Amino acid sequence: MIFITAKFRVLPEHADAWPEITREFTQATREEPGCLWFDWARSVEDPTEYVLTEAFRDDEAGAAHVRSDHFTTARRTLPPHLAETPRIINTTVPQDDWSRLGEMAVPEQD
């Protein structure tokens with residue numbers, strides 16, 4: 001799968017509204033057949049920073065995402081709300097879901 005994490009620094013005046021600003025883009029991306037997940041989180045230390053964690057089934061699904069109408073629209077509509085260009089980590093990993101963090105295993109409960 002293609003695993004992507006991106007940090008978005010949002011202008012302070014738009015930070016609280018960011019989930020609504022990105023709602024259509026988020027929903028459309030989650031509906032793509034090759035999207036495994038597309039999740040936003042807000043930093044607990046910096047209220048203007050959002051982290052997007054996303055994954056796509058394979059290179060083909062990632063390419064379809066970048067070619068989609070909603071991605072094209074987001075490229076135009078999201079930057080005016082940002083304080084800087086988002087930073088990204090993009091890699092391919094040989095799995096298709098999250099692995100368990102063994103060092104923090106929680107005992108199974110009956």
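The legends below describe close-up views of one predicted model. Residues are numbered from 1 along each chain as its sequence is written, and side-chain values use heavy atoms, with hydrogens and water left out. Because the model is predicted, local features need pLDDT of at least 70 and side-chain atom pairs count only at pLDDT 80 or more, while totals for chains, interfaces and linings use all residues.

**View 1**
Strand S1 spans residues 2–9; helices (H or I, at least four residues) and strands (E, at least two) are DSSP runs, numbered from the N terminus. Two strands pair if DSSP finds at least two bridges between them. S1 pairs in the antiparallel sense with strand S3 (residues 49–56) over eight bridges, and isoleucine 2 stands opposite phenylalanine 56 in S3. S1 also pairs in the antiparallel sense with strand S4 (residues 87–92), over six bridges. Here phenylalanine 3 stands opposite threonine 91 in S4.

**View 2. The two faces of S1.**
Ile2, Ile4, Ala6 and Phe8 make up the covered face of S1. Phe3, Thr5, Lys7 and Arg9 make up the uncovered face.

**View 3. The buried side of helix H2.**
In helix H2 (residues 23–30), Phe25, Thr26 and Thr29 are buried. They lie on the same side of H2 because they cover an arc of only 100° around the axis; the arc is that of the directions from the helix axis to the C-beta atoms. Buried means under 20% relative accessible area, exposed over 50%, and partly exposed in between (1.4 Å probe, protein chains only). The cover over the buried residues of H2 includes strand S2 (35–42), S3, helix H3 (59–67) and helix H4 (69–77).

**View 4. Salt bridges at arginine 9.**
A salt bridge is a side-chain nitrogen of Lys or Arg within 4 Å of a carboxyl oxygen of Asp or Glu, and by this rule the count comes to nine. One of them joins the side chains of arginine 9 and glutamate 49 (3.3 Å, N to O). Arginine 9 lies in strand S1 and glutamate 49 in strand S3, so this pair ties together parts that are 40 residues apart in sequence. Glutamate 49 is buried, at 9% relative accessible area, whereas arginine 9 is partly exposed, at 22%. Arginine 9 also meets glutamate 84 in a salt bridge (3.7 Å, N to O). Glutamate 84 is in the loop between H4 and S4, 75 residues apart from arginine 9.

**View 5. The salt bridge of aspartate 16 and arginine 42.**
The side chains of aspartate 16 and arginine 42 form a salt bridge (2.9 Å, N to O). Aspartate 16 lies in the loop between S1 and helix H1 (18–21) and arginine 42 in strand S2, so the pair ties together parts that are 26 residues apart in sequence. Aspartate 16 is exposed, with a relative accessible area of 66%, and arginine 42 is partly exposed, at 34%. Elsewhere, salt bridges that share partners join Arg9, Asp46, Glu49, Glu84 and Arg87 into one network.

**View 6. The largest nonpolar core.**
A nonpolar core is a set of buried Ala, Val, Leu, Ile, Met, Phe, Trp, Tyr and Cys residues joined through side-chain atoms within 4.5 Å. The largest one has 17 residues, and Phe8, Val10 and Trp18 have the most contacts inside it. S1, S2 and S3 each supply at least two residues of this core, with the largest share, four residues, coming from S1.

Definitions and conventions: Contact = heavy atoms within 4.5 Å.
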